[in-house]
Amino acid sequence: MRKHKLTGPSAVEERPTRFIPYGRHEIDDEDIAAVVEVLRSDWLTTGPKVAEYERAFAARVGAKYAVALSSGTAALHAAVFALKLGPGDDALTTPMTFAATANCLLYQGATPVFCDIRSDDMTIDPAKIVQKIESDYRPVHGSLRNHRTGNVLRAIIPVHYAGRPADMAAVREIADRYSLAVIEDAAHALGAQYRGSPVGGCSHSDLACFSTHPVKHITTGEGGVVTTNEAEPARRMRIFRNHGITTEARERASQERRWHYEMADLGYNYRLSDIHCALGLSQLRKLPDFLKKRSSIADKYLEKLGDVAAIMLPRCGTDCVHAWHLFVIRLRLEMLRINRDEFFARLCERGIGANVHYIPVHLHPYYRRRFGYAPGDFPAAEAASAAAITLPLFPGMADEDVARVAETVRNLALSSST
Ligand SMILES: *Cc1c(COP(=O)(O)O)cnc(C)c1O
C-alpha cells in the first residue's frame, strides 16, 4: 500500500519545485468581462467587434488595413492568396521557423525555397538570398525563372525570429531590385520596431502576418491578423476568409433578391468571431504592459547570464526594438561536456519548461520526402537549432521564477563546462 501511495497525490506534493512553462497567456477580469459582454449580445461571430478589433490593431502597428483571421496560419495563407501566388511560383523563406511559414505557400500550390540564416540573430540572411537568386534563377521576360524547375520567383517571406526584426532594409532592397513582394511573418514581433517603425506598419513590406495564439504577445485563443497599406490585398483577404464570397453582388441585388450572393474565388471559412475579437481588443490595451514585462525579464536574463562563457545570448541590434516573444540561448557545445538534449533534460528535471525553436523546417519528414532535403542543406540554421534552448518568458512570470531559471541555467552551464 505504502509503495502505491508514493505515486499518488503525495508524490506530487513532494515534488521540490513548481513547473515553470516556457510561455503562458495572461487573462484578467477585464478580458473575461469583454467576452461575456459579447456572449450576451446579438452577435457571436461576424459583428461589430471584428471591425473594431481590426481598426484598433491597424492603429497599433500604424497600418492602413488590418484583416482578422482564424489563426496566424490562416493569416499567412490569406497573404499568399492576396498576392496571387500559386502553382509555378516560388517564394524564398527561412528554415528557422515554424512550419506554417512555408506551409502557407504549399496550400496555394506555390513552392517554398529556403535560404539559410545569419548566425548572429537567426533571421534570413540577405547575402544568401542574393546568392540563391544568382545561382538558381535567371531573368526571362522581366521575371526570375528557376533554371531547373521553370518556376517564377515572386516573393520573400522573412521571419522576425524570437521578436527581433529581420534585416528588412536589405530584404526590401533585394525585393525591389527583382520585383518581388515581401510578406513578413511577424508572428513573433507584435510590438517590435524596425528603424523607428513598428513591425506591421509595412514600412519595408507589402503584408505582415501576426498570430494571437496563447503563447504570443496578445491572445484571442486562436487567431491571426494581416496588416497592409494597400486596399486591394485587404479586399481579397476579406473575401478569402469568407469562402470567397463577395458582398458586391448582394449590395447590387434588389430588395426581393437579398438572398443573392456570389462566390468569386475559392476561399475558406477563416473568419475570426466577435467573441475572439472582443478578447483581442481587451488584450491589445494591455500590450504595452506585456511588452514592458517581457523586456524586463529579458534584461534580467541578459544580466544574470552575461558572464557565462558557454552560453551565447540573444542580442538586438541598435536599429530595432526587440519584442521578446522568445528568449533563445545557444549553447557553445564545444565548451560543454553535455549536449543540448541533456541540458534540456536537466532543466526539465528541475521544473523548467524550456523548449526548442525550431527544428529547421526542411528537416521535417514531409519536406524531406517531398523536396529531398537532407541534413547539411542549411548549415547555419541546423547549427543554431542544435544549440538552441528557449527559456521561459511570459508577462505573468514571477520575479523569483525568473531568478530561479537564470540561476539554474547558470549553474548547469558552469558545472558542465570543460
Ligand atoms: C505561431 C506562429 C505561426 C502560426 O500561428 P498560429 O496562430 O499558431 O496558426 C506562424 N509562424 C510563426 C513564426 C509562428 O511562431
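This is a predicted model: local features need pLDDT of at least 70, side-chain atom pairs count only at pLDDT 80 or more; totals for chains, interfaces and linings use all residues.
## Helix 11 and helix 15

Two packed helices are described by the angle between their axes and the distance between the axes. For helix 11 (residues 274-305) and helix 15 (residues 399-415), the axes come within 10 Å and cross at roughly 30°. Angles under 35 degrees count as roughly parallel, so helix 11 is roughly parallel to helix 15. The crossing of helix 11 past helix 15 is right-handed.

On the side of helix 11, the contact is made by Ile 297, Lys 300, Tyr 301, Lys 304 and Leu 305. Helix 15 contributes Asp 399, Val 402, Ala 403, Val 405, Ala 406, Val 409 and Arg 410. Sorted by class, this contact of helix 11 with helix 15 comprises eight nonpolar and four charged residues, with no polar residues.

## Helix 5 and helix 9

Helix 5 (residues 72-82) packs against helix 9 (residues 231-240) at an angle of about 125°, and their axes are 9 Å apart. Helix 5 is therefore oblique to helix 9. Their crossing is right-handed.

Helix 5 supplies His 77, Ala 78, Ala 79, Phe 81 and Ala 82 to the contact, where they meet Pro 233, Arg 236, Met 237 and Phe 240 of helix 9. By class, the contact of helix 5 with helix 9 holds seven nonpolar residues, one polar residue and one charged residue.

## Strand 10 and its partners

Strands of a sheet pair through backbone hydrogen bonds, either parallel or antiparallel. Strand 10 (residues 207-211) has a partner of each kind: strand 7 (residues 181-185) runs parallel to strand 10 and is joined to it by three bridges, whereas strand 11 (residues 224-228) runs antiparallel to strand 10 and is joined to it by five bridges. Ala 208 takes part in both pairings: Glu 184 stands opposite Ala 208, and Ala 208 stands opposite Thr 227 in strand 11.

In a regular strand the side chains alternate between the two faces of the sheet. In strand 10, Leu 207, Cys 209 and Ser 211 point one way, while Ala 208 and Phe 210 point the other way. Residues pointing in either direction are buried, and strand 10 is accordingly described as mostly covered, with five of its five residues buried.

An open sheet of three strands has the order 9-8-15, and its pairing is antiparallel. Strand 9 (197-198) and strand 15 (320-321) are the edge strands, each pairing on one side only.

Strand 8 (residues 193-194) pairs with strand 9 in the antiparallel sense over two bridges. Within this pairing, Gln 193 has Pro 198 of strand 9 as its bridge partner.

## Val 356 in its loop

Val 356 lies in the loop between helix 12 (340-349) and helix 13 (365-371).

With neighbours within four places in sequence left aside, Val 356 is in contact with Arg 340, Phe 344, Ser 385, Ala 388 and Thr 390. Val 356 and Thr 46 are separated by 310 residues in sequence and, from C-alpha to C-alpha, by 37 Å in space.

Definitions and conventions: Residues are numbered from 1 along each chain as its sequence is written. Side-chain values use heavy atoms; hydrogens and water are left out. Axes are lines fitted to C-alpha atoms, for helices over the stretch in contact, and angles run from 0 to 180 degrees between N-to-C directions. Helices (H or I, at least four residues) and strands (E, at least two) are DSSP runs, numbered from the N terminus. Angles under 35 degrees count as roughly parallel, over 145 as roughly antiparallel, 65 to 115 as roughly perpendicular and the rest as oblique. A crossing is left-handed if the near helix is turned anticlockwise from the far one by less than a right angle, and right-handed if clockwise. Contact means heavy atoms within 4.5 Å. Ala, Val, Leu, Ile, Met, Phe, Trp, Tyr, Cys and Pro count as nonpolar, Asp, Glu, Lys and Arg as charged, and the others, Gly among them, as polar. Two strands pair if DSSP finds at least two bridges between them. Buried means under 20% relative accessible area, exposed over 50%, partly exposed in between (1.4 Å probe, protein chains only).
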